[in-house]
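Please open the structure in the viewer and keep the sequence at hand.

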Amino acid sequence: MAGALGEGVGVLLTAQEDGHGTYPQNRCVMETVDRYLRTGRTPAPGTVCPGSMS
């Protein structure tokens, strides 16, 4: 999806989880998304959040 949005528009944040609804259950995802919403800073290319949902 990030690639389909185009250069400089889409950013891929990978979470090693199954299913949907990773935000806000995965702390890494939540902090990364919240940082983007507060500051506009996107995650580094290739950012992967480890699984934490049980």
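Cys-28 belongs to helix H3 (residues 27-39) and Cys-49 to strand S2 (residues 48-49), so the bond ties together parts that are 21 residues apart in sequence. The coordinates come from a predicted model. In it, the two sulfur atoms of Cys-28 and Cys-49 are 2.0 Å apart, and the count of disulfides comes to one.

Is each partner of this bond buried or exposed? Cys-49 is buried, at 0% relative accessibility, whereas Cys-28 is partly exposed, with a relative accessible area of 25%. The cut-off that matters here is 20%: a residue under that value counts as buried.

Next, display the whole chain as a cartoon. Three helices and two strands are present, and along the sequence they follow the pattern α-β-α-α-β. The C-alpha atoms fill a box of roughly 35 × 25 × 15 Å along the principal axes. Of the 54 residues, 17% count as buried.

H3 comprises 13 residues, and the distance from its first C-alpha to its last is 18 Å, close to the 18 Å expected at 1.5 Å a residue. An α-helix has 3.6 residues a turn, so residues three or four places apart point the same way.

Asn-26 sits in the loop between helix H2 (22-25) and H3, and with a relative accessible area of 0% Asn-26 is buried. What does the side chain of Asn-26 do at this end of H3? It caps the helix: a side-chain oxygen lies 3.0 Å from the backbone nitrogen of Cys-28. The side chain of Asn-26 also reaches the backbone nitrogen of Val-29, at 3.0 Å.

Val-33 is partly exposed, at 29% relative accessibility. Select Tyr-23 as well: the C-alpha atoms of Val-33 and Tyr-23 are separated by 8.4 Å, and the two residues are 10 residues apart along the chain.

Continue to the residue that follows H3, Gly-40, where phi is positive, near 80°. From there, move to Ala-44, in the loop between H3 and S2. Ala-44 is partly exposed, with a relative accessible area of 48%. Which separation is found between the C-alpha atoms of Ala-44 and Val-11? The value is 8.8 Å, although Ala-44 and Val-11 are 33 residues apart along the chain.

For the last stop, show the surface and select Met-1, Leu-5 and Val-9. These residues make a nonpolar surface patch of about 360 Å². Within this group, Leu-5 lies in helix H1 (residues 2-5) and is partly exposed, with a relative accessible area of 47%.

Methods. Residues numbered from 1 in each chain as written. Predicted model: local features only at pLDDT ≥ 70, side-chain atom pairs only at ≥ 80, totals over all residues. Heavy atoms only, no water. Disulfide = S-S within 2.5 Å. Helix = DSSP H or I, 4+ residues; strand = E, 2+ residues; numbered from the N terminus. Buried < 20%, exposed > 50% of the residue type's maximum accessible area, 1.4 Å probe, protein only. Expected span 1.5 Å × (residues − 1). Polar contact = N/O pair within 3.5 Å; in protein donor to acceptor, adjacent residues only side chain to side chain. Patch = residues over 30% accessible without salt bridge, like charges linked within 9 Å, V, L, I, M, F, W, Y side chains within 5 Å. Areas by Shrake-Rupley, 256 points an atom, 1.4 Å probe, with all protein chains shown as cover. Salt bridge = Lys/Arg side-chain N within 4 Å of Asp/Glu carboxyl O.
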